[in-house]
Amino acid sequence: MNYRDVFGEILADHHESPRNWGVLPDCTRVEQGYNPLCGDKVSICLLLDRDSSGSERLARCTYEGEGCSICMASASIMSEMIQGKSIQELQGLIEAFREKMQGSDEVFLLPAEDSGEDITALYGVKRFPVRIKCALLPWTTLKKGLEAAHAK
Amino acid sequence: MNSLIRKDFPILARVIEGKALCYLDNAATSQKPKKVVDAISRFYLETNANVHRGVYHLSQEATDAFESVRGKVRRFLGARSEREVIFTRGTTDSINLVASSFGGMSIQEGDVVAVTRMEHHANFVPWQQLAKQKKARFEIIELTDDWRLDPKDVDRVLGMKPKILAVTLLSNVTGVTNPVASLATRFKMAGTTILVDAAQGIAHSEVKIDDLGPIDFLAFSAHKMCGPTGVGVLWGREALLEKMPPYQLGGNMIAHVGDLDSEWNELPHKFEAGTPDIASVIGLGAAIDYIETHGRTRIEEYEQSITDHVLEKLVQIPGLRLLGPTDPHHRAPIFSVAIDGVHAHDLATYLDMEGISVRAGHHCAHPLMFKLGLPATCRASFSFYNTFEEADMLVKALAQAPSFFARRRN
């Protein structure tokens, strides 16, 4: 048995080959997330602009971090999902993910079958309740970053 | 020794997710023998009344049961007087009591308050903040490459003649035992008051005040030595305790309350404000009885054999870093490990799937973790009821961990 057998190819792949890794020099906001219990850290760069209709969106997002495989895979999967999305869409995604991880008692398989959406691979982390916060850290950091950018 | 002992701990027979519980998180809290749980339960069912209050018979019985534990603790530690034994909520509470009361009255601007790099937050933060409030200097004794106190740095701090030295008997991360008696002798000559954190030490070896040299305070918790959570002990030298102001104010700690001022009760009650956790103190008494029945020497010998066994195997695992001394002497069966490229949380989840319960995290020792350059480690800590089979399970699982976490080559 190895990591892939338990957590699945999707999580292993995002952990080993992180997407959108790096810093954005001219971004609107850099938000740091930290879990003092386990030392997981993420730093998310958010570049906000307005689309042709004038509504605000996340033009580009990158991140860097240091932490467990679940936190890092979650950050990578998130970074792929959120590029170019409107603020409203982002709030919906963040809330939907939080609900999946913390909300109902819905049970998900781990490793997940490939549903075409990488995020579904994270839902099975519910099998390890203490690790849910690892998966959530990038998302709560994104939420804080968007709120802080807006407050300016 | 432990096939019979294991029967005393009903929880050790649990099967979790199809696997027998292999509990290796004893440095966080030990399991409780049935005798301790029964003593607590019996107190509530048969003897419950408040202590030091009523004139009725039941209250006297409760008070006698409670105070008899003070006597047991005095004997257990080899202390001179029951007046030196103060019941607290635990090690953290005991240390905060000393930092607040003794530190508050004795530390002045420019004084030196010293700790070591291997202290738990409970024996670090109260002193750091005391030094900050008093504009005192806060000094940290650094470690050698083999995780022990650096003798040169001990000399450096000794030369500053600190007012207080707070030092642990045994590190909860590396398993190192400190030479407290010789430290205390040297620092005492420099006029230092010495507090010993025995939270881990009390679980692994006999702790007698006179064996620790001229120390002034000693703190420990019941829950790491087979007793319940919520209660601990502060031992202090009577002459010092007499001089110190009370820590918390309220019932039991007063002798007389006037409209404008109050007078304090005598020791040890001066430091025991409010209704104590009576049942847990009774449980601590039962834990001491339990440990003494099995004998501290036998427990120490058995744990030493586990330490020797695990160390010998762990050092042979390729790619495994042991964050503690490889020399089995002067160390306890507490093993923090790390595997390059594998986060401690992932390693702990893997061990959990193998049925092994360990701790992953910073072990409430940020200053030490910072020096290690690691955000977290995985820690397996043994007690006398753990078996060699469990030790071998851990070793086998750790040996297979690198292949479990092997990355695909790109």
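Predicted model: local features only at pLDDT ≥ 70, side-chain atom pairs only at ≥ 80, totals over all residues.
Let me begin with helix H12 of chain B, whose buried residues are B:Ala344, B:His345, B:Asp346, B:Leu347, B:Ala348, B:Thr349, B:Tyr350 and B:Leu351. A residue is called buried if 20 or more other C-beta atoms, placed from the backbone, lie within 10 Å of its own, exposed if 12 or fewer do, and partly exposed in between. Helices (H or I, at least four residues) and strands (E, at least two) are DSSP runs, numbered from the N terminus. With eight of its ten residues buried, H12(B) is mostly covered, and just after this helix B:Gly355 takes a positive phi of about 90 degrees.

Residues are numbered from 1 along each chain as its sequence is written, and chains are lettered from A and ligands numbered from 1 in the order in which they are written. The pLDDT is the predictor's confidence in each residue, from 0 to 100; chain B averages 96, and 99% of its residues score at least 70. For the model as a whole, ipTM is 0.88 and pTM is 0.93.

Now to the contact between the chains, where two residues are in contact if their C-beta atoms, placed from the backbone, lie within 7 Å. On that basis 16 residues of chain B are in contact with 15 residues of chain A.

Chain B itself is divided into domain 1 (2-29 + 295-404) and domain 2 (37-292), with bounds that come from an automatic or database domain assignment. The C-alpha centres of the two domains of chain B lie 28 Å apart, and their contact takes 25 residues from domain 1 and 25 residues from domain 2. The domain 1 side of that contact holds twelve nonpolar, seven polar and six charged residues.

Not counting residues up to four places away in sequence, B:Val196 touches B:Val167, B:Leu169, B:Val180, B:Leu212, B:Ile215, B:Phe217 and B:Leu218.

Let me turn to some loops of chain B. B:Asn26 lies between strand S3 (22-23) and helix H2 (34-47), and it counts as buried because it has 26 C-beta neighbours inside 10 Å. Although B:Asn26 and B:Asn386 are 360 residues apart in sequence, their C-alpha atoms are 9.7 Å apart in space.

B:Arg237, in the loop between strand S10 (232-236) and helix H9 (238-243), has 19 C-beta neighbours inside 10 Å and therefore counts as partly exposed. Leaving aside neighbours within four places in sequence, B:Arg237 is in contact with B:Glu84 and B:Asp216. Its C-alpha atom is separated by 11 Å from that of B:Pro268, and a cis peptide bond, with omega about -5 degrees, joins B:Leu267 to B:Pro268.

Most residues other than glycine have a negative phi, and most peptide bonds are trans. B:Glu17, which is not a glycine, has a positive phi of about 50 degrees. Is B:Glu17 buried or exposed? With 7 C-beta neighbours inside 10 Å, B:Glu17 counts as exposed.

Finally, in chain A, ten bridges join the antiparallel strands S2 (residues 41-50) and S3 (residues 56-66), where strands pair if DSSP finds at least two bridges between them. S2(A) and S3(A) form a hairpin with five residues between them, and A:Gly54 in the turn has a positive phi of about 90 degrees.

Notes: Nonpolar A, V, L, I, M, F, W, Y, C, P; charged D, E, K, R; others polar.
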